Amino acid sequence: MLDRKLNILADENMPQVEAIFSRFGPVTLKPGRDLTPADLQGVDVLLVRSITQVNEALLAESRVKFVGTATIGTDHIDQPYLASRGIGFSNAPGCNADAVVEYVLSCLYLVAEQQGFDPKERTYGIVGVGNVGGRLQRRLQALGYTVLLNDPPRARSEEGFVSLDHLLKQADVICLHTPLTETGEYATQHLIADRELGQLQDHAIILNAGRGPVIDNDALLAIGKTRPSLTFILDVWEHEPAVNADLAERCAIVSPHVAGYSFDGKIRGTFMLYQALCNYLNLPCSESLDHFLPQSELACVEQGELTTLELMQKVFDPRIDDYMLRQTLALPETEQKQAFDQLRKQYRVRREFSSLSVSGAKDPSQIEGIGFKLAAKG
Ligand SMILES: NC(=O)c1ccc[n+]([C@@H]2O[C@H](COP(=O)([O-])OP(=O)(O)OC[C@H]3O[C@@H](n4cnc5c(N)ncnc54)[C@H](O)[C@@H]3O)[C@@H](O)[C@H]2O)c1
Ligand SMILES: O=C(O)[C@H](O)[C@H](O)COP(=O)(O)O
């Protein structure tokens, strides 16, 4: 039992946060990008997404005792500062990893159809093999695809990894899933710059759904101008919420940092923070995640003449995000940045592939490998 109610301040873009957290006390919602120290007065628990910089400037005058971010990434959180103040902290590792993997598969199958190649004939390179990259690896391998892995921190104690240079030269499709780190032995800021881009094969596809500054965007645009056969797929941008319109126009598929935006992933993220706060307060976790996930929307389709890409598009269609972001590119910078945030704030309810049961599957192992459910026979 709590001896007093806690005041909770949460980003307005966290579905079900009031339902999940109201047992601790009143929940106030605010736009995360604009939080100021004044908003933190009287707040005990702060729940954010990746657009809030949580640091001394925001928290110095506050009594906040616990900070949670409903995201995988933590580059917006000054964790040493929180530790120095004894402020509890949790992120939500893995919460939206399946959504990112499904974004990657959807984009790749779409580009494969547009360019007329079979995805299984390509070699895939994954840079950063953690929650997201590891799940992508498992799904690609379940489909029988060839996968190269680069993850120097893991390679210190594990087998099976190649150098970044080797991967860039050998892979046809390169997927970036590293965190953003600016310092240290494995810093990832501009991990992919002029030299690295120069090693890509002519027909290479490079996809970034990690953090924008992991690729030097100016270098990407420059090489994009001289090597027209390279394909770029970008969900994240170097100066978000600003988007370089020239670069976006050079990309095959663009989106406003929504690769992980499945409804399931967002609820999972919020729920993981609920569990973390319960642990921090030494309280039992009495709620269940299933209670908050929309089970009733599970759908069943007959495969019939539908291709795998068409099945994917029944759940998630990256062309929608691509179209919506492109509509904003000609706006003046301030309006374009606001539009970027609005697209994220008003994001549609997107489920994950596992919400779709497929009956009459033409290739059951492929359907399962992608992440759909096979409908029970009979
Ligand atoms: N676009 C989106 O919507 C979205 C959604 C979720 C996560 N993300 C981003 O993706 C990142 C990865 O997520 P995750 O859950 O897999 O994180 P994770 O921490 O589980 O895995 C990251 C992996 O990258 C490796 N790594 C670190 N430095 C590296 C380097 N220099 N080169 C190669 N590998 C390196 C780590 O060893 C680790 O295995 C997050 O940090 C977040 O920034 C984006
Ligand atoms: O790190 C993450 O989990 C993702 O990048 C996350 O989906 C970002 O979304 P945001 O927190 O900005 O809403």
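Colleague: In what order do the 3 strands of the open sheet lie, and is the pairing parallel or antiparallel?

Modeller: Good place to begin, and keep in mind that this model is predicted. Strands of a sheet pair through backbone hydrogen bonds, and they can do so in a parallel or an antiparallel way. Here the order is β12-β13-β14, with parallel pairing. At the edges are β12 (299-302) and β14 (373-374), each of which pairs on one side only.

Colleague: How many bridges join β12 to β13?

Modeller: There are 4 bridges between β12 and β13, the latter covering residues 356-359. To find your way along that pair, look for Val301, which stands opposite Val358 in β13.

Colleague: Now the ligand. Which residues are closest to ligand 1?

Modeller: Ligand 1 is surrounded by 33 residues, and the closest are Gly73, Gly128, Gly130, Asn131 and Gly260. By type, the shell has 16 nonpolar, 13 polar and 4 charged residues. The helices α4 (97-115), α5 (131-142) and α6 (152-155) each supply at least two residues to this shell.

Colleague: And which residues touch the most other members of the largest nonpolar core?

Modeller: That core has 96 residues, and those touching the most other members are Leu47, Val100, Val104, Ile174, Cys175 and Leu207. Its largest share, 11 residues, comes from α4.

Colleague: What is Val100 in contact with, leaving aside its neighbours within four places in sequence?

Modeller: Val100 is in contact with Val132, Ala209, Ala259 and Gly260.

Conventions:
Residues are numbered from 1 along each chain as its sequence is written. Chains are lettered from A and ligands numbered from 1 in the order in which they are written. This is a predicted model: local features need pLDDT of at least 70, side-chain atom pairs count only at pLDDT 80 or more; totals for chains, interfaces and linings use all residues. Two strands pair if DSSP finds at least two bridges between them. A residue is near a molecule or strand if its C-beta atom, placed from the backbone, lies within 6 Å of it. Ala, Val, Leu, Ile, Met, Phe, Trp, Tyr, Cys and Pro count as nonpolar, Asp, Glu, Lys and Arg as charged, and the others, Gly among them, as polar. A nonpolar core is a set of buried Ala, Val, Leu, Ile, Met, Phe, Trp, Tyr and Cys residues joined through C-beta atoms within 7 Å. A residue is buried if 20 or more other C-beta atoms lie within 10 Å of its own, exposed if 12 or fewer, and partly exposed in between; C-beta atoms are placed from the backbone. Two residues are in contact if their C-beta atoms, placed from the backbone, lie within 7 Å.
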